[in-house]
Amino acid sequence: MRVLVLANQKGGVGKTTTAINLGTALAAIGERVLIVDLDPQGNASTGLGIDRKNRSVSTYNVMVGESSLADAIQPTAIPNLAMAPSTLDLLGVELEIANEKDRAYKLRGAILDFDAEQAKLPQAEAYTYVLIDCPPSLNLLTINALAASHAVVVPLQCEFFALEGLTQLLATVDQVKSALNPDLSIHGVVLTMFDPRNNLANQVVADVRQFLGDKVYETVIPRNVRISEAPSHGKPALLYDLKCSGSQAYLRLASEVIRRERLLRAA
């Protein structure tokens, strides 16, 4: 079971949208996917149609040790895709666990326990990917997600201010790698909200590719109205409009993620 975290401390760069649609695309090509919503806003949960009234067990309960990750999981309308939803209670988690020695490993412990349970299941029933959607900040929730993951997927909006935050995020990943999780790596940077008519967007793409080389995915997610509309219907874009340019881009991104995973295994 591979654990990928979608992280960027800047808001509005497409983390949640990428978590929902990458998860859906991976499920569509045969993977069994669990999305863990670690953002108190709970947008990933809402975007997959999980009503706030139906979140009696959430990632908050998992983080404070009241429930296992398996207890928090709910099915979605997409076959092979499940969700561990979040609630606003997550806002208070930092204060509740701040004085505990293992405060940075709460999520990691829950995922390791869950992975041990999955190992007992037939291969066709076990989850192959866990995607963690983080809040737009480098707080204890994000640190827990980074400490629990194998690799980081960085959604990066094709705008100047998004570039500024990238260096800080990469520095944080290095710190977590040296102090908490030596196996952590950058899986890739996915460029989002790309408008080819915008000269600055083209310049950002060129700069990021020059700076990070093959760490940047080939697939670029375009700015697309259908992607923006889909969450209001409680659906990922791939279910809302499969043929739109955004949905097709996320299918290509999922294929690229799988290819990189195969190369990592081979290495």
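A salt bridge is a side-chain nitrogen of Lys or Arg within 4 Å of a carboxyl oxygen of Asp or Glu. The model shown here is predicted: local features need pLDDT of at least 70, side-chain atom pairs count only at pLDDT 80 or more, and totals for chains, interfaces and linings use all residues. Residues are numbered from 1 along each chain as its sequence is written, and side-chain values use heavy atoms, with hydrogens and water left out.

**View 1. Asp195 and Arg197 form a salt bridge.** Here the closest N and O atoms are 3.0 Å apart. Asp195 is buried, with a relative accessible area of 17%, whereas Arg197 is exposed at 72%. For these words, buried means under 20% relative accessible area, exposed over 50%, and partly exposed in between (1.4 Å probe, protein chains only). In total, the count comes to eight salt bridges. Another place to look is the network of salt bridges that links Glu100, Asp102 and Lys106.

**View 2. Glu261 forms a salt bridge with Arg2.** The closest N and O atoms of this pair are 2.6 Å apart. Glu261 lies in helix 12 (residues 245-266) and Arg2 in strand 1 (residues 2-6), so the pair ties together parts that are 259 residues apart in sequence. Helices (H or I, at least four residues) and strands (E, at least two) are DSSP runs, numbered from the N terminus. Glu261 is buried, with a relative accessible area of 1%. Helix 12 also holds both Arg260 and Glu256, four residues apart, about one turn of the helix. These two form a salt bridge with closest N and O atoms 3.9 Å apart, and both are buried.

View 3. Two strands pair if DSSP finds at least two bridges between them. Strand 7 (residues 185-194) runs parallel to strand 8, joined by three bridges, and Phe194 stands opposite Pro222 in strand 8.

**View 4. Strand 2 (residues 33-37) is largely enclosed by the rest of the structure, because five of its five residues are buried.** Val33, Ile35 and Asp37 point one way, while Leu34 and Val36 point the other way. Strand 2 pairs in the parallel sense with strand 4 (residues 81-84) over four bridges, and Val33 has Leu81 as its bridge partner there. Five bridges join strand 2 to strand 5 (residues 129-133), also running parallel, where the partner of Val36 is Ile132.

**View 5. Thr24 sits in helix 1 (residues 15-28).** At 4% relative accessibility, Thr24 counts as buried. Thr24 touches Leu48, Ile78, Leu81, Pro236 and Leu238, not counting residues up to four places away in sequence. Contact means heavy atoms within 4.5 Å.

**View 6. Helix 8 (residues 160-179) meets helix 9 (residues 199-212).** Their axes come within 10 Å and cross at roughly 20°. That makes helix 8 roughly parallel to helix 9, a term for angles under 35 degrees. Axes are lines fitted to C-alpha atoms, for helices over the stretch in contact, and angles run from 0 to 180 degrees between N-to-C directions. Phe160, Leu163, Leu166 and Leu170 in helix 8 meet residues of helix 9 including Leu200, Val204 and Phe211.

Note on methods:
Parallel < 35°, antiparallel > 145°, perpendicular 65-115°, else oblique.
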